[in-house]
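Here is a short note to read beside the structure. Please keep the sequence open while going through the points.

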Amino acid sequence: MSEIISHSAVAPATPSAPIAQPSAQSALGRIGSYGLWIGLAAILLTAPLVFRSGTALTVMSLMGIMIIFALSYNMLLGQTGMLSFGHAVYFGLGAYFTIHAMNAVIDSKLAIPVVVMPLIGGVAGLVFAMLFGWVSTKRSGTAFSMISLGLAELVGSSSLILRSFFGGEEGVSTNRAKLLRIFDWNFGPQVQVYYLIAGWCLLCIVLMYALTRTPFGRMCNAVRDNAERTQFVGYNPRVVRYIAFSLAGLFAGIAGGLATINFELANAALFGATQSGNVLLATYIGGAGFFFGPILGAVLVTFLQNMLSDVTEVWQLYFGLMFIATVMYAPGGLAGLIMMHRPLWRAGAIAKLLPGYLLMIVPAALVAVGAILLIEMITHLSVKAAEGPVMKMAGITFNAAGVPAWSLCIGTLAAGVLIWRFASGVAARGWDDARAVAREKGLTV
Amino acid sequence: MTATTSAAPMSAATTDRTAVANAVPPALEIRGLKKNFGPAEIIRGVDLSVARGERHAVIGPNGAGKSTLFNLISGLIVPTSGDIRLHGESVNGKPAYQINRRGLSRSFQVTNIFANMSVWENVRCAVLWPRGGRYAFWRGVDNNADVAARTHQVLTEINLLSRKDIPAGVLTYAEQRALEIGITMAGGADVILLDEPTAGMSKAETERAVELIRRISEGRTLLIVEHDMSVVFGLADRISVLVYGEIIASGTPTEIRNSAKVKEAYLGEEAH
Ligand SMILES: Nc1ncnc2c1ncn2[C@@H]1O[C@H](COP(=O)(O)OP(=O)(O)O)[C@@H](O)[C@H]1O
Ligand SMILES: [Mg+2]
């Protein structure tokens, strides 16, 4: 009996997990997963000691918010197979209800600290998701996506009408430092806000992971894979979708509450289409097929959004290219790419990949440099035509309309593509070799 | 009414079928069932009664409406008219999940599994509802010993325990068919509908599948669509012949074998 139980304890969360060993591994697995949580807590705790700058703190705070938001989105996309175009609705409403609650607390001088305020956002997200989800989760697939888009439009336009609640153009502002202090923390300084966000982030990650390991969480996957068949094992897929949608709204609302505490502001941009798109991009680029995928995506996308916008005006273009590349060449996202290597790692065959991968760096860098040069030169010539053809990049001043620059650009691209063909052959052979080793060891790839 | 049906001992049904059949309503009773798809009448007035514990085969040429009949009984589609009773209670027009919760489970002619989930997860999904898992999002699933034990038992029975951690989508065809049966039986339903469970299998695979079907239908009511006549005549207590949406004959294997009507309409042309 105990063996049966331990079998189930190591039953894979991911389809690619190899055949599990009995009890010994389940004990290890348990320690391993606790270790993972402790490691995560340690990272969140020490990050501000490593990255001390004000920018770093701001960006890390945004990452924490985006992690919760993206994970909540993936309860729909990756776990239950629901593509929503309006998830920011619950994020934004969570933000607004939080900020109004904060202002009410400040006005009435209630002894409530800002730490608990995201709960208000969570409840708002939950209530509105239960309301709107009642309609949208009656359908699945494309119809669900379209309804989610319609609801987003609806809430977006009502924000213009209900000005007293949504604050019109300038939105609603607050002062987070005016709520109850905890010891000598008033959560005014960014580092204190960071820790507030990090704490909520850790809690939400743990809770959302735990949700995947419940009967409901397992049936989400079943509905995603084959909604029809779930009806013949006693489940109403609509109820599963509805619960998933409601809980996703709860966590999105918490994220929105944290965002409003972070910005001390709530405006219509929070539940706009851009925000709904962002969370989709982050989740997809990180990898919707694995629980940790959206965490990677949230970190990467937030980082790029904040860093790229400093160095280039067309950062959204790069962003779009990255998304297209993910959809086309790595549909499993970053997490999918990583997990693809797991059986090879276990088989000890990962070294066989190194030569090919190292070789690939050369053409990848060449193509990247060529493409960036191309994009930036075109941007300069078209958008900044008034400034003339002379531009500056990476400290070098050159003529964007001149032959040398264009020769260099096209030459780099061409060389990159040529070397790519050769290097990808080497990489593919390394991949085949490593796979053969893994197969021999009985690790299915 | 419910009390008498559920109180009746299951094993009695196999030992003394007629006596039990008189005492309790049939496991499945279909009256005047019709289904039109637009102008096309696909099921044209079917009457069928399956006693508790009976193994009942439905045979008939391709396109006769056998799968449609299963879709109607299991709640996948709604009848145009007529009545379907499960243990004496009407389930007509009820959604599939409610019919399933009342103890009727079905398999599909075209394999219908959770392809991206592990074999273990596939079976466990079918175990959850009747074991009280329901929609619970506040309880863990991996530490549920009862669910794990039943999943383990089903996987052992369908001989897929050694494959439990691989995605169901990469199983061989015969293994997927076994899993299809496993998902169907896992919940412990007492009325089981199997739609061509051995279709596309080799001789040896068919034999193993029939053995499995015989075992899992022990003490249960089985309604099975099957093309392989040796399987049908070896397994079934009673046989109904469906042609163009109508049951033209219903009886014991011997009666069906000797029926001139059946020979003319079906067996004659199909004997190969
Ligand atoms: N959803 C549907 N819409 C229209 N026609 C259907 C539908 N389902 C089945 N049919 C038709 O009903 C007839 C019987 O199909 P089916 O029940 O699958 O036959 P069998 O299982 O006996 O081979 C076929 O002619 C088929 O084309
Ligand atoms: Mg059929």
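Is the crossing of α12(A) and α13(A) left-handed or right-handed? The second point gives the reply.

1. Basis. This is a predicted model, in which local features need pLDDT of at least 70 and side-chain atom pairs count only at pLDDT 80 or more, while totals for chains, interfaces and linings use all residues. Residues are numbered from 1 along each chain as its sequence is written, chains are lettered from A and ligands numbered from 1 in the order in which they are written, and side-chain values use heavy atoms, with hydrogens and water left out.

2. Helices α12 and α13 of chain A. The crossing of α12(A) and α13(A) is right-handed (the near helix is turned clockwise from the far one by less than a right angle). Helix α12 covers residues 293–311 and helix α13 residues 315–329; they pack at about 150°, with axes 9 Å apart (axes are lines fitted to C-alpha atoms over the stretch in contact, and angles run from 0 to 180 degrees between N-to-C directions). The angle makes α12(A) roughly antiparallel to α13(A) (over 145 degrees). Helices here are DSSP runs (H or I, at least four residues), as are strands (E, at least two), numbered from the N terminus.

3. A link from the α12–α13 loop. A:Glu313 and A:Lys384 form a salt bridge, 3.0 Å from N to O (the rule asks for a side-chain nitrogen of Lys or Arg within 4 Å of a carboxyl oxygen of Asp or Glu). A:Glu313 is in the loop between α12 and α13 of chain A, and A:Lys384 in the loop between α16 and β3 of chain A, so the pair ties together parts 71 residues apart in sequence.

4. Helices α3 and α8 of chain A. Helix α3 (residues 54–80) and helix α8 (residues 190–212) pack at about 20°, their axes 8 Å apart. That makes α3(A) roughly parallel to α8(A) (under 35 degrees). Their crossing is left-handed (anticlockwise in place of clockwise).

5. The two chains. In the interface, 45 residues of chain B contact 38 residues of chain A. Three salt bridges cross it; B:Glu121 pairs with A:Arg218 in a salt bridge at 2.8 Å between the closest N and O atoms.

Conventions
Angles under 35 degrees count as roughly parallel, over 145 as roughly antiparallel, 65 to 115 as roughly perpendicular and the rest as oblique. Contact means heavy atoms within 4.5 Å.
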